[in-house]
Amino acid sequence: MSIAIKFLSLLFIFLIFSSYTPNYKNQGDSIFFPITEIQIEGHVVIKPKKLTRELNYLIGKSIFFIDEYNINLSVKKFDFIKNFKIKKIYPNTLRIVIIEIEPVAIYYDKKKNYYLTEAGQSIKYLDLEKYNKLPTVIGKKKNFKIFYQNLKKTNLKMSQISSYQHFDIGRWDIVLEDKRVIKLPAINYIQSVDNFLLIKNKNNFEK
């Protein structure tokens with residue numbers, strides 16, 4: 001191997017390792033494939049400009065050495081982000097594909113509104129047209145996760161539900177969009193939902 005080739009090989013290795021340091025946020029800009037653009041995809045609720053500003057410290061860093069831990073810390077500051085993927089578009093574009101949380105209800109607690117997820121997680125309420133027709137949850141939300149997941153196993157159309165009302169004795173009422181109320185017992189309530197679905201379309205049901 002010629003001296004020139006050895007020199008270029010050593011220079012190449014030096015450039016790679018000189019662009020890396022564990023303290024990612026404090027490292028200097030890299031001259032080896034520096035990131036010049038950050039793209040955000042998959043957003044509906046999240047405003048991409050805000051997320052881009054949060055990740056702006058990545059600009060100038062080498063695309064080969066991405067600290068996913070710090071990116072994760074930045075991304076998780078946004079309530080509506082459930083997960084994300086990082087795609088490297090060579091030579092210098094970083095693409096963040098986000099997966100947003102889908103709320104299933106609006107929860108009223110101490111005169112404040114929150115979005116409620118299927119997993120029972122409360123997230124910050126925003127006045128969003130996309131979710132302004134979600135059903136409301138009134139009362140304690142403690143057992144909502146189990147209750148909601150059990151309801152999904154039935155043939156009840158979740159889109160027809162106007163609100164869920166929980167009572168301290170441990171039972172739920174379901175209010176439909178047509179104002180009909182399904183009063184459920186504290187136990188075996190799935191059977192009650194199934195019974196309702198069997199008879200609701202019969203001619204004499206309204207009587």
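This report covers the strands, cores, helix packing and selected residues of a predicted model.

Strand S3 spans residues 93-100 and is mostly covered. Six of its eight residues are buried. Strand S1 (residues 37-41) runs parallel to S3, and five bridges join the two. Glutamate 37 stands opposite threonine 93 in S3.

Strand S2 (residues 81-89) also pairs with S3, this time in the antiparallel sense. Eight bridges join S2 to S3. Isoleucine 86 has isoleucine 96 in S3 as its bridge partner. The link from S2 to S3 is a hairpin of three residues.

That link holds a backbone feature. The peptide bond from tyrosine 90 to proline 91 is cis, with omega near 15°. Proline 91 sits in the loop between S2 and S3.

## Two nonpolar cores

The largest nonpolar core has 27 residues. Leu51 and Leu55 have the most contacts inside it. S3 gives the largest share, three residues. As a general background, nonpolar side chains in soluble globular proteins tend to be buried together.

What surrounds leucine 51, once its neighbours within four places in sequence are left aside? Leucine 51 is in contact with Ile40, Ile46, Val75, Phe78, Ile81 and Ile98.

Lysine 50 is in helix H2 (residues 48-54). Lysine 50 counts as partly exposed because its relative accessibility is 45%, between the 20% and 50% cut-offs. Lysine 50 and phenylalanine 78 are 28 residues apart in sequence. In space, their C-alpha atoms are 9.5 Å apart.

## The seven-stranded sheet

A second topic is an open sheet of seven strands. The strand order is S6-S5-S4-S7-S8-S9-S10, and the pairing is mixed. Strand S6 (122-124) and strand S10 (181-183) are the edge strands. Each of these pairs on one side only. From one strand to the next, the twist averages 30°.

S9 and S10 are antiparallel and pair over three bridges. Aspartate 173 stands opposite lysine 183 in S10.

## Arginine 171

Arginine 171 lies in the loop between strand S8 (161-166) and strand S9 (172-176). Is arginine 171 buried or exposed? Its relative accessible area is 18%. The cut-off for buried is under 20%, so arginine 171 counts as buried.

The arginine 171 side chain has polar partners. One is the side chain of aspartate 173, in a polar contact at 2.4 Å. Another polar atom pair involves the backbone oxygen of leucine 184, which lies 3.2 Å from a polar atom of the arginine 171 side chain. Beyond its neighbours within four places in sequence, arginine 171 is in contact with Gln165, His166, Lys183, Leu184, Pro185 and Ala186.

Aspartate 173 makes the polar contact with arginine 171 and stands opposite lysine 183 in S10. Lysine 183 is also in contact with arginine 171.

## Helices H4 and H5

Helix H4 (residues 144-152) packs on helix H5 (residues 189-199) at an angle of about 40°. Their axes are 10 Å apart. The crossing of H4 past H5 is right-handed.

Which residues meet between H4 and H5? H4 brings Ile146, Phe147, Asn150 and Leu151. H5 brings Tyr189, Ile190 and Val193.

## Positive phi values

Lysine 179 is not a glycine, yet has a positive phi of about 80°. Lysine 179 lies in the loop between S9 and S10. Its relative accessibility is 68%, so lysine 179 counts as exposed.

Asparagine 188 is not a glycine either, and has a positive phi of about 55°. Its place is in the loop between S10 and H5. Asparagine 188 is exposed because its relative accessible area is 60%, and the cut-off is over 50%.

Definitions and conventions:
Residues numbered from 1 in each chain as written. Predicted model: local features only at pLDDT ≥ 70, side-chain atom pairs only at ≥ 80, totals over all residues. Heavy atoms only, no water. Helix = DSSP H or I, 4+ residues; strand = E, 2+ residues; numbered from the N terminus. Buried < 20%, exposed > 50% of the residue type's maximum accessible area, 1.4 Å probe, protein only. Polar contact = N/O pair within 3.5 Å; in protein donor to acceptor, adjacent residues only side chain to side chain. Contact = heavy atoms within 4.5 Å. Pairing = 2+ DSSP bridges. Core = buried A, V, L, I, M, F, W, Y, C linked by side-chain atoms within 4.5 Å. Axes fitted to C-alpha atoms, helices over the stretch in contact; angles between N-to-C directions. Left-handed = near helix turned anticlockwise from the far one by under 90°.
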